[in-house]
Amino acid sequence: MNITIVGAGRVGVHLAKYFVDEHQDVYLVDNNRENLSVLESDFNLRTFFGEPADFRTLRDAKADKADIFVAVTANTATNLVTCAMAKSMGARKTIARVDKYDFLEKNNAIVVKNMGVDHVVYPDYLAALSVISSLNHPWTYGWNDFNNSDIVMAAVTIDKNSPISGSQLKDMYKENRTMHISALKRGTNTIIPHGEDVILPNDILFITTIEGGIEKVKSITGKNETAIKKVIIMGGSTVAEIVARLTGKNFSFVIVEKNHDRCRRLTEVCPDAEIIYGDGSEQDVLEEAGINNCDAFISLSDSSESNILGCLTAQDIGVKRTIAEIEKEQYIPKAESFNIGSIINKPIITANSIFQIILDSEQSSSKCFAMKDAEVAKMEIKEGSRLTKSPVKHLHLPKELNFAGLIRDGKGEIVTGNTTFRAGDSVIVFCLNGSLNKVEKLFRE
């Protein structure tokens, strides 16, 4: 595929690296020459210096021949205009990053579509949905549900006292065919596991289960449901605002913000939340906010370091659930080693959402897996696909992917070696980076 990306910020760079790993033809446009020179020397892609909304620049960057055209600059207007230009020039599918919820509303989305923008992604909204999902499922590292929760993939961190710590996967499957471990994350590596693999403390397991299987997953992993009511948010960002506005009736929020004008704004738009003016990194401010008796602590400041330290402080006090926004990807493994409950990274979440769009699969509104080396997607089996010709155990699947589950006739099922797919089945696929072509080929042929 030809992929044209406008914007060499964190989202654009993450996407560019991903598609280079997928051996796609990537063309990256930005008006910062220094950023582009570093990228071109380190990665196999073409870069173009110039203003994004310029016909010559877009033609040089193959926008007219793009299978996918993505505009992810920090300026919404620029993204919308360049997508409209690219679409009129011949781009097959266009995706724009936006910075307001207005663009997601049905009537406005129709207007945007008519402009030539096929899809929009709003990073702050996606991050807020991930935070909300984490609050709703506090025993997990992350949660992704399909078909109205008929089938669920839960990411669970394994503690040293977990009943399955030290067990081989094949031993679990003898008694638990209502679940399937699709992958495990160990340190910085995401692994497609096999029956002989041993589960170790601090592994993050991606466990797929069907309706009624959640309690069994909790039992074997040693997790208990924790009731979340009082929530402290450090940092009154747009993400914090969206979280409070969407779920202010479900949780009791206290938002700590050190910018006075931002506090005034939060007071107006989040009437159900208590707003405290102060620096959330200071112990006395957190005590005033009630950290000693809160159920969840969420760090959403603009500093990854402060967010990690804030969560560690909350854990030391005994807060049940911690969530940290970490924009510096190199800090994510360290945060996971500290057992921070969930990690929010907007570039990764946004790139995951764009990946779902590109595969023409259903976008999950509750995805909150901070994975930069793997993806989860739902894809439909087409009539005549070779996937329908043999049971899964005889398909000789690429080692980079795993079938996590399927939805057949509206009902979720676990995929086993004896499963034979049918046309019309929707399959949940867990795939490592670099396997996009293989996944598409499997479902196309």
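Q: Buried means under 20% relative accessible area, exposed over 50% and partly exposed in between (1.4 Å probe, protein chains only). So is F421 buried or exposed?

A: Buried: F421 has a relative accessible area of 2%. F403 is buried too, at 3% relative accessibility. Keep in mind that this is a predicted model, where local features need pLDDT of at least 70, side-chain atom pairs count only at pLDDT 80 or more, and totals for chains, interfaces and linings use all residues. Residues are numbered from 1 along each chain as its sequence is written, and side-chain values use heavy atoms, leaving out hydrogens and water.

Q: How many aromatic pairs are there?

A: A pair of aromatic rings is described by the distance of the centres and the angle of the planes. Rings of Phe, Tyr and Trp (its six-membered ring) pair if their centres lie within 6.5 Å; planes under 30 degrees apart are stacked, over 60 edge-to-face, the rest tilted. That rule gives nine aromatic pairs. One of them is Y18 with F355, edge-to-face, 5.7 Å centre to centre with 90° between the planes.

Q: Which parts does the Y18–F355 pair tie together?

A: Helices (H or I, at least four residues) and strands (E, at least two) are DSSP runs, numbered from the N terminus. Y18 sits in helix 1 (residues 10-21) and F355 in helix 14 (residues 346-358), so the pair joins parts 337 residues apart in sequence. Y18 is buried at 7% relative accessibility, and F355 is buried at 3%.

Q: What about the rings of F403 and F421?

A: Their centres are 5.1 Å apart and their planes at 90°, so F403 and F421 are edge-to-face.
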